[in-house]
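Trainee: I would like to go through this model by asking about its surface, its charges and its backbone. Shall we begin?

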Amino acid sequence: MSSASSEQFLQDRPRPGGFPTIQYARNVPKRGPSGLALMLGGALLFVIGMDKVNAGRRQRRLLKQENINSRLALQPFLEAEADRIYIKRAAQILEAEAIIMRDVQDWKVGERVYNTKRFIPPKRSSPSVNS
């Protein structure tokens, strides 16, 4: 044992000045906008989107009004055309009635069947001769 005591053993120790510090904490860099910025951005997108929706609604309302105005402007012409077609069909029906009923005694072509003096317009879906 004397030989072991005579030798000097060196124990592990820190170097002079000490060991460098170890980085053990998370050092994550800040990424992206803040929550407030995200909320304001979302609100801004919502406002812009609703403005676009309302603009589309205004456009559709104006187009609908234009369509109604054009129909109102064309209505007299369409009614005049319908009256012209009615007169033409009525003449054709009277001619056909004269041909069909020529053998019947006391038949008057174009005489009213109903006991009224009021004008009764024909049905739109009624069949006509040679139409």
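Trainee: Which residues form a nonpolar patch on the surface?
Mentor: This is a predicted model, in which local features need pLDDT of at least 70, side-chain atom pairs count only at pLDDT 80 or more, and totals for chains, interfaces and linings use all residues. Residues are numbered from 1 along each chain as its sequence is written, and side-chain values use heavy atoms, with hydrogens and water left out. The patch has about 370 Å² of accessible area together (Shrake-Rupley method, 1.4 Å probe, with only the protein chains shown counting as cover for residues). Its members are F46, V47, M50 and V53.

Trainee: Is V53 buried, partly exposed or exposed?
Mentor: V53 is placed in helix α2, residues 35-100 (helices are DSSP runs of H or I with at least four residues, numbered from the N terminus). Buried means under 20% relative accessible area, exposed over 50%, and partly exposed in between. Because V53 has 37% relative accessibility, V53 counts as partly exposed.

Trainee: Which side chains meet in a salt bridge?
Mentor: The structure holds one salt bridge, which is a side-chain nitrogen of Lys or Arg within 4 Å of a carboxyl oxygen of Asp or Glu. R84 is partly exposed at 45%, and E81 is partly exposed at 37% relative accessibility. With 2.8 Å from N to O, the pair is R84 and E81.

Trainee: How far from E97 is the nearest side chain of opposite charge?
Mentor: E97 also lies in helix α2; E97 is buried yet has no salt bridge. Leaving out residues up to four places away in sequence, E97 touches W107, K108, V109 and G110 (heavy atoms within 4.5 Å). For charge, Lys and Arg count as positive and Asp and Glu as negative, without His and the chain ends. The nearest opposite side chain is K108, at 12 Å.

Trainee: What is the phi of D106?
Mentor: D106 is found in the segment after α2 and counts as exposed because its relative accessibility is 76%. D106 is not a glycine, yet its phi is positive, at about 60°.

Trainee: How much of the protein is made up of buried residues?
Mentor: The protein has two helices and zero strands. It exposes about 13,500 Å², with carbon and sulfur atoms supplying 59% of that. Of the 131 residues, the buried share is 2%.

How values were computed
Patches are made of residues with over 30% relative accessible area and no salt bridge: like charges are joined within 9 Å, nonpolar side chains (Val, Leu, Ile, Met, Phe, Trp, Tyr) within 5 Å. Buried means under 20% relative accessible area, exposed over 50%, partly exposed in between (1.4 Å probe, protein chains only).
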